Amino acid sequence: MRSTRFNNSSSQWLGDMTVWLRANAGDNGEQMTRLRRNLRLARERELTERQREMVALYYDQGMTMPQIAERLGVSRSTVSRTLRRARDRLYRFLRYTL
């Protein structure tokens, strides 16, 4: 491990610490690969068709909630609630698979 001199000014110290952590951190490539695989499986298996559609529009295509609502003919609050439920389901699934 190399020694690094830290400056006490808050932003400089934070920057120095970030550089040090990146230089001395382990590789998490395997964990990220597993997370991506499990997320893909969770989207296929755990979400309803409507949730999958809204998640794809919101996260994959970058549409806003009002745009999704207009496209699907539902209210913005319906889109918001559906996305919240989808995130909750994905979280529960991923929490137990990692």
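Trainee: What covers the buried residues of α3?

Mentor: The cover includes α2 (29-45), α4 (65-72) and α5 (76-97), where helices are DSSP runs of H or I with at least four residues, numbered from the N terminus. This is a predicted model, in which local features need pLDDT of at least 70, side-chain atom pairs count only at pLDDT 80 or more, and totals for chains, interfaces and linings use all residues. Residues are numbered from 1 along each chain as its sequence is written, and side-chain values use heavy atoms, with hydrogens and water left out.

Trainee: Which residues of α3 are buried, and what makes them line one face of the helix?

Mentor: They are Q51, M54, V55 and L57, and buried means under 20% relative accessible area with a 1.4 Å probe, protein chains only. Seen down the axis of α3, these residues fall within an arc of 165 degrees, so they line one face; the arc is taken from the directions from the helix axis to the C-beta atoms.

Trainee: Why is T82 called buried?

Mentor: T82, which lies in helix α5, has a relative accessible area of 10%, and therefore it counts as buried.

Trainee: Which residues does T82 contact, leaving aside its neighbours within four places in sequence?

Mentor: T82 is in contact with R50, Q51 and M54, where contact means heavy atoms within 4.5 Å.

Trainee: Which residues does I68 touch?

Mentor: Not counting residues up to four places away in sequence, I68 touches M54, L57, Y58, M63 and V79.

Conventions
Buried < 20%, exposed > 50% of the residue type's maximum accessible area, 1.4 Å probe, protein only. Helix = DSSP H or I, 4+ residues; strand = E, 2+ residues; numbered from the N terminus.
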